[in-house]
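Let's take a walk through this protein together, one feature at a time. Keep the structure open beside you as you read.

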Amino acid sequence: MSDSVTEGVRVLAGRYQLGELLGRGGMADVYLGLDARLGRRVAVKLLKPSLANDPTFRTRFRQEAQAAARMAHPTIVRVYDAGEETATGADGVEVQIPFIVMEHVQGTLLTELIAKGPVAPAEAVRIIDGVLTALEYSHRAGVVHRDIKPGNIMVTSNGQVKVMDFGIARAISESTATIAQTSAILGTAQYFSPEQARGEVVDARTDLYSTGVVLYELLTGKAPFRAESPVAVAYQHVSEAPVAPSALVPAVSPALNAVVMRSLAKDRTERYQSSAEFRQEVDIAAEGKVPSRTPARDDEFNATLFGVGSGGAPDETLRRLANDDEDRAPRTTQSRPPVAWVWAGVMVTVIIVVAAMVWVFNIQGSPLHIASSVKVPDVAGQEYDAGSRELTGKSLTVQRAERASVDVPEGSIIRTEPRAGRTVNTGEQIIVYVSSGPTAVTAPSVLLRTVDEAKQILSDNGLVLGEQTQAQSPTVPAGQVISSDPSAGSPNVDAGTKVNIVVSTGTVEVPDLRGKSITEAQTILSGPDLQLIPSPKADKGCTGQTVKSQSIVGEQPQGSTVELVYCAGS
């Protein structure tokens with residue numbers, strides 16, 4: 001297979017016409033292309049010829065491209081085709097150039113957004129939510145990305161997150177290239193996981209670490225580890241703890257701090273174990289709630305960059321470190337003198353007596369218990385002054401705290417902590433939560449969520465699910481949200497506001513294309529509004545290059561193939 005030039009336009013595989021250069025990277029050049037056979041715009045990525053010198057790489061590249069092509073999800077840039085082209089270099093020697101043909105997406109790379117400075121925490125969460133959704137889908141399909149970084153993440157013009165280059169990093173990392181060459185190919189070591197830096201086998205948790213690095217960079221505008229060389233950066237990933245994001249940007253909440261630090265744990269068993277778990281805790285943190293699990297300490301796994309070989313495992317290293325600690329621990333070589341046992345017996349007796357006294361004096365109904373404890377009265381719904389008087393009348397102290405509420409009138413008590421009915425000591429402080437009435441919130445994103453998920457997200461943010469209407473979409477799966485009103489990110493939305501959503505039917509409306517030129521018909525079907533697959537068939541019995549008939553019309557599932565019979569006679 002070889003590329004050709006038609007009227008000054010370079011054509012790959014006889015069908016992909018290369019247009020303007022969209023971008024250059026350490027691994028490939030990306031061109032705007034046109035699939036002449038299907039009449040749709042595509043993006044064509046031409047890999048560097050130096051990557052294709054190894055036939056093992058070419059085989060793995062084809063296999064991984066095929067695996068990536070099987071993934072179809074709105075958050076993943078589709079791979080349509082892959083192959084190799086034989087081209088003649090400047091020295092007259094023929095070289096093999098691997099290429100992939102991808103969905104053409106109009107948007108902004110995350111690298112460009114980050115270059116402008118830290119992203120607002122709410123937007124950072126929304127973007128990472130999209131990345132984790134893509135990874136959840138790919139990991140279930142058995143595909144580990146291995147190269148999650150801002151240069152492989154795009155935000156489209158309508159705000160949708162798209163992840164690209166699935167499978168390519170795996171083909172590269174499993175070729176005969178050394179780890180130093182691999183880091184050069186991938187462009188940067190800033191997003192390496194510790195296990196990648198050590199040359200160990202990677203799994204889905206590697207992608208989650210890299211996603212944590214991206215989240216850190218979104219929140220702070222800087223990568224957590226920076227140095228003069230990729231090797232030095234890789235060493236930091238293995239052995240150094242990152243500075244907390246809030247130390248660089250005070251607007252980052254303690255909750256997001258906790259999520260980021262756990263995602264960057266050196267030991268992968270201490271990180272999030274799945275994309276779904278990571279995404280759930282990101283969403284919890286977005287609400288200002290600190291995740292219940294304490295983040296892993298960053299010094300728990302402190303192996304050096306080259307301390308573990310490709311066959312090593314973090315658990316083995318941890319066991320070795322634990323054994324070292326045991327070796328350093330002092331050992332007792334002499335038994336205790338008998339007098340020590342006598343004193344130990346005395347202390348045990350004292351402890352038992354004291355415990356018995358405490359138990360007796362705390363039995364319900366004992367004089368001491370009655371005198372020193374009281375049940376928290378139920379003051380919910382009362383005005384604060386009245387409820388406060390009732391609590392202080394029970395010899396309790398009161399601390400007021402305000403919370404927004406749609407259901408409880410402003411100035412009235414929502415609840416107490418400890419709750420009503422609990423037995424507490426007299427003089428104990430009772431926190432009284434008083435309604436401040438409805439407050440303004442920022443509308444959360446419910447895009448690409450099911451109706452039930454959208455309802456829960458809205459409820460968690462003090463909003464209510466409103467009307468549900470259905471609409472067709474070429475990309476959003478059936479049953480998932482296409483848009484919301486108020487839209488995601490809308491500020492100053494009153495708590496309790498109903499949010500209307502539009503839900504995808506998973507179908508598109510195939511128009512009647514009879515009488516149109518075959519070129520126009522293919523362009524309409526493969527365009528962004530339909531994204532269907534035209535299948536032209538020539539009829540030599542008529543002339544005019546117009547569509548004579550088509551296989552389907554009307555409402556059809558996304559991605560359907562439409563057979564077009566057109567007049568091709570002379």
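Cys542 and Cys567 are joined in a disulfide, with 1.9 Å between their sulfur atoms. A disulfide is a covalent bond between the sulfur atoms of two cysteines. Bear in mind that you are looking at a predicted model, in which a search of the whole structure turns up one disulfide. The link ties together distant parts of the chain: Cys542 belongs to strand S22 (residues 533-543) and Cys567 to strand S25 (residues 561-569), 25 residues apart. If you look along the S-S bond, the angle about it is -95°, and the link of Cys542 and Cys567 is left-handed. Are these two cysteines buried or exposed? Both Cys542 and Cys567 are buried.

S12 pairs with strand S15 (residues 429-435) in the parallel sense, over seven bridges.

Next comes a pair of helices. Two packed helices are described by the angle between their axes and the distance between the axes. For helix H7 (residues 204-220) and helix H10 (residues 254-263), the axes come within 8 Å and cross at roughly 140°. The crossing of H7 and H10 is left-handed. Which residues meet where they pack? From H7 come Leu208, Tyr209, Gly212, Leu215, Tyr216 and Leu219, and they meet Leu256, Val259, Val260 and Ser263 of H10.

Finally, a word on confidence. The protein has a mean pLDDT of 78, and 76% of its residues reach 70 or more. Over residues 294-339 the pLDDT is below 50, and in the model this stretch has 53 contacts beyond near neighbours in sequence. Residues 358-371 also have pLDDT below 50, with ten contacts in the model beyond near neighbours in sequence.

Terms used. Residues are numbered from 1 along each chain as its sequence is written. This is a predicted model: local features need pLDDT of at least 70, side-chain atom pairs count only at pLDDT 80 or more; totals for chains, interfaces and linings use all residues. Side-chain values use heavy atoms; hydrogens and water are left out. Two strands pair if DSSP finds at least two bridges between them. Helices (H or I, at least four residues) and strands (E, at least two) are DSSP runs, numbered from the N terminus. A disulfide is a pair of cysteine sulfur atoms within 2.5 Å. Buried means under 20% relative accessible area, exposed over 50%, partly exposed in between (1.4 Å probe, protein chains only). pLDDT is the predictor's confidence in each residue, from 0 to 100. Contact means heavy atoms within 4.5 Å. Axes are lines fitted to C-alpha atoms, for helices over the stretch in contact, and angles run from 0 to 180 degrees between N-to-C directions. A crossing is left-handed if the near helix is turned anticlockwise from the far one by less than a right angle, and right-handed if clockwise.
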